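Q: I would like to learn how to read packing features in a protein model. Please take me through them one at a time.

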Amino acid sequence: MDPHLLRTFVTVAGVGSFSAAARELGYTQSAVSQHIAALEHDLGATLLLRRPVAPTEAGTRLLEHAGPLLLRLDAARADIARLLSATTGRLAVGVTPLAMSSRLSGALADVRREQPGLAVSLRVVGQSAVVRGVATGELDLALVAGPAAPSDPLHLPEAGPLTTIGVAEEPPAVALPIGHPLAGRDGVRLADLGDARWIDAPEITVGQDRLRTVCGYDGFPVSLRYEGTDVRSLVTLVAAGHGLALLPASVLEEACDVVGVAVTVPRMVHRIEAVHGGTRAGSEAVALLADRLTDPARGDAAAVRA
């Protein structure tokens with residue numbers, strides 16, 4: 001399967017138009033049509049309806065494979081580039097909203113003092129983009145955060161041979177409005193809130209599918225979907241009664257109109273991990289940042305305050 005044809009197919013399916021895909025890819029519309037026809041001939045199946053443009057059943061199934069396949073191809077190219085490249089003089093760091101901490105800002109300050117000519121960029125990105133950014137070489141290192149069992153690593157998408165390092169842990173808590181019936185409790189079983197309304201914030205915190213998996217309970221209905229990366233906005237939505245959210249306890253300590261109740265069952269921690277390619281030549285800045293992030297003298301990470 002030619003990856004160029006596959007990438008064209010994904011683009012057409014995403015934008016729902018042959019002409020729009022041609023503009024995005026820098027091809028002629030005729031070339032896009034030829035790519036789709038060649039891929040359909042190769043697979044022996046019609047992948048796209050033409051009027052209106054939409055994936056067929058076979059096309060929908062191929063899309064499920066296409067994202068991971070193309071990511072691994074991009075990751076392989078970036079991995080080889082890391083092996084062969086010299087020092088770039090830059091350090092591009094990505095951080096998910098709940099991984100932004102004083103630990104990171106202090107570690108970056110150390111790196112900049114030791115390498116004053118280094119061009120440093122910091123990008124706050126959603127959960128879905130951060131690992132992809134490291135895998136494809138857009139980011140040199142990223143911090144990701146989320147809940148996990150005490151002995152388990154974070155549940156991250158498969159994106160090739162990346163190095164993951166534990167940075168910090170703290171207890172997770174369920175964010176409840178002050179007037180919630182369970183707001184006065186010291187702890188709560190997550191499954192006891194399986195029938196409550198939850199906010200789906202995929203770029204910030206764990207999704208409902210993951211909650212169902214860890215609890216073994218087919219519940220956690222979504223009342224509102226928040227697609228931003230601002231933690232304070234999510235906490236404000238919880239306070240207004242739009243639904244609950246699972247967040248690190250430190251985020252909720254100084255929040256107004258919201259109470260954080262510890263999760264007692266299942267046993268969980270909110271973990272921050274550093275992810276990087278691990279093979280880049282001349283990666284002194286990456287190695288130094290990873291070393292400073294995992295320095296025990298820095299103590300636990302202080303999560304972004306709501």
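This is a predicted model: local features need pLDDT of at least 70, side-chain atom pairs count only at pLDDT 80 or more; totals for chains, interfaces and linings use all residues.

Q: How many aromatic pairs are there?
A: Rings of Phe, Tyr and Trp (its six-membered ring) pair if their centres lie within 6.5 Å; planes under 30 degrees apart count as stacked, over 60 as edge-to-face and the rest as tilted. By this rule there are two aromatic pairs. In one, the ring centres of tryptophan 198 and phenylalanine 220 are 5.5 Å apart and the planes stand at 70°, so the pair is edge-to-face. Tryptophan 198 sits in strand S9 (residues 198-200), and phenylalanine 220 in the loop between helix H7 (208-215) and strand S10 (222-225), so the pair ties together parts 22 residues apart in sequence. Helices (H or I, at least four residues) and strands (E, at least two) are DSSP runs, numbered from the N terminus.
The rings of tyrosine 217 and phenylalanine 220 have centres 6.3 Å apart and planes at 90°, so this pair is edge-to-face.

Q: Is tyrosine 217 buried, exposed or partly exposed?
A: Buried means under 20% relative accessible area, exposed over 50%, partly exposed in between (1.4 Å probe, protein chains only). Tyrosine 217 has 31% relative accessibility, so it counts as partly exposed. Tryptophan 198, at 1%, counts as buried. Phenylalanine 220, at 0%, counts as buried too.

Q: Which residues have the most contacts inside the largest nonpolar core?
A: In soluble globular proteins, nonpolar side chains tend to be buried together. A nonpolar core is a set of buried Ala, Val, Leu, Ile, Met, Phe, Trp, Tyr and Cys residues joined through side-chain atoms within 4.5 Å. The largest has 40 residues, and Leu91, Leu143, Leu247, Leu289 and Leu293 have the most contacts inside it. Helix H10 (residues 284-293) gives the largest share of this core, six residues. Apart from it lies another core of 17 residues, including Leu193 and Val206.

Q: Which residues does leucine 289 touch?
A: Contact means heavy atoms within 4.5 Å. Not counting residues up to four places away in sequence, leucine 289 touches Leu91, Val93, Ala107, Leu108, Val111 and Leu141.

Q: Which residues of helix H2 are buried?
A: An α-helix has 3.6 residues a turn, so residues three or four places apart point the same way. In H2 (residues 18-25), the buried residues are Phe18, Ala21 and Ala22. Seen down the axis of H2, they fall within an arc of 105°, so they line one face of the helix. The arc is that of the directions from the helix axis to the C-beta atoms. On the other side of H2, Arg23 and Glu24 are exposed. The buried residues of H2 pack against helix H1 (3-15), helix H3 (29-43), strand S1 (48-50) and strand S2 (53-55).

Q: In what order do the four strands of the open sheet run?
A: Strands of a sheet pair through backbone hydrogen bonds, either parallel or antiparallel. Two strands pair if DSSP finds at least two bridges between them. Here the order is S8-S12-S7-S11, with mixed pairing. Strands S8 (187-189) and S11 (245-248) stand at the edges, each with a single partner strand, so one side of each is left without a neighbour in the sheet.

Methods. Residues are numbered from 1 along each chain as its sequence is written. Side-chain values use heavy atoms; hydrogens and water are left out.
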